[in-house]
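Take a first walk through this model. Look at the fold as a whole, then follow the paragraphs below.

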Amino acid sequence: MTTSPTLHPAAPARGTTPVTGAARRPRRPRSAPKPPSVLLSKAGVTALLGLATLYTLLPLTWLLLSSTKSREDLFGTNGFALGDETHLAENLSHLFEADGGVYARWLINTVLYAGVGALLAAVFSVAAGYAFDKLSFPGKERLFSLVLLGVMVPGTAMAIPLYLLAAEAGLVNTFWGVFIPGLVFPFGVYLARVFSASYVPDEVLEAARMDGAGEFRTFCRIAFPMVAPGFVTIFLFQFTQIWNSFFLPLVMLSDQNLYPVNLGLYVWYSSALTQGHPEDYLLAVVGSLVAVAPLIAVFLMLQRFWKSGMTAGAVK
């Protein structure tokens with residue numbers, strides 16, 4: 001009886017790695033990561049921010065320098081060059097004395113339209129946003145869809161329908177014809193609902209209701225202080241929007257004593273171009289500088305509320 005010999009694979013030589021299965025393919029070298037695009041690089045972002053800063057500051061610089069010039073220097077020198085003398089105080093005095101001091105009247109009208117109107121609009125928006133977020137009532141989401149629809153409609157498209165409604169109500173060429181539309185701010189309602197969902201815990205409201213607080217007291221004493229940054233944000237947005245409003249007052253008003261600042265400055269500018277009154281052009285320039293100052297002052301006074309709102313949820 002013979003036995004077949006058992007074949008053993010030859011041991012690999014010392015210092016070599018055994019190869020099992022199919023031969024391994026050589027690994028491809030990893031490609032180097034693509035460098036960021038020029039716009040997303042640090043230098044590109046810095047350049048874009050610098051251009052945005054120039055775009056913002058150059059008109060203000062021209063406005064400030066032009067307001068310090070006399071009428072001759074305004075038309076005879078470069079826009080960014082200084083005049084021979086500073087006439088800012090003289091120009092401001094002439095601004096508030098021109099046409100019987102009508103500019104002060106325009107400024108007061110604008111403060112009423114924008115200041116009081118934005119304050120009431122912010123209160124209404126916060127209350128509506130809180131109700132949409134925390135309360136349950138029939139048709140809530142459908143009503144909120146209408147609010148979002150109002151956000152997408154530009155304000156200029158609503159000027160003619162508002163004029164027709166004001167004509168039916170007898171509010172054309174009155175203070176209320178411009179003031180009442182400013183109380184409606186759909187985007188503020190949307191923002192208020194977002195702030196309410198982020199800053200007002202449901203547990204706090206339930207605890208207040210268990211202690212016997214009604215819905216109105218719960219909103220005023222507990223929810224409203226929590227959404228104070230949202231209130232300030234909505235107020236600033238609406239204040240800026242009403243302060244810069246032009247088309248609605250143009251359509252609604254014909255009495256110059258009811259004009260806001262923007263419409264009054266447009267009248268002076270048009271007079272300088274069409275009726276040959278160059279002194280009105282200087283009035284429009286100096287009046288524009290004065291009209292910008294309240295916006296800057298309001299933003300500087302209220303920006304700390306924005307900062308506190310942005311960092312409210314950063315640390316738990």
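Is Phe185 buried or exposed? Phe185 counts as buried, because its relative accessibility is 7%. Buried means under 20% relative accessible area, exposed means over 50%, and partly exposed lies in between, with a 1.4 Å probe and protein chains only. This is a predicted model, in which local features need pLDDT of at least 70, side-chain atom pairs count only at pLDDT 80 or more, and totals for chains, interfaces and linings use all residues. Residues are numbered from 1 along each chain as its sequence is written, and side-chain values use heavy atoms, with hydrogens and water left out.

Now the rings. The structure holds 22 aromatic pairs. Rings of Phe, Tyr and Trp (its six-membered ring) pair if their centres lie within 6.5 Å; planes under 30 degrees apart are stacked, over 60 edge-to-face, and the rest tilted. Phe185 pairs edge-to-face with Phe187, at 6.2 Å centre to centre and 65° between the planes. Phe187 counts as partly exposed, because its relative accessibility is 32%. Phe246 and Tyr266 are also edge-to-face, because their centres are 5.2 Å apart and their planes stand at 75°. Phe246 lies in the loop between H11 and H12, and Tyr266 in helix H13 (residues 261-274), so this pair ties together parts 20 residues apart in sequence. Helices here are DSSP runs (H or I, at least four residues), numbered from the N terminus.

Ring pairs also link Phe96, Tyr103, Trp106, Tyr259 and Trp268 into a cluster. Tyr103 and Trp268 turn up again in the largest nonpolar core: with Phe235, they have the most contacts inside it. This core has 52 residues. Helix H4 (residues 102-134) gives the most to it, with 10 residues. A nonpolar core is a set of buried Ala, Val, Leu, Ile, Met, Phe, Trp, Tyr and Cys residues joined through side-chain atoms within 4.5 Å.

Ser67 is found in helix H1 (residues 42-67). Ser67 counts as buried, because its relative accessibility is 0%. Leaving aside residues up to four places away in sequence, Ser67 touches His87, Leu88, Asn91, Val285, Val286 and Leu289. Contact means heavy atoms within 4.5 Å.

Definitions and conventions: Helices (H or I, at least four residues) and strands (E, at least two) are DSSP runs, numbered from the N terminus.
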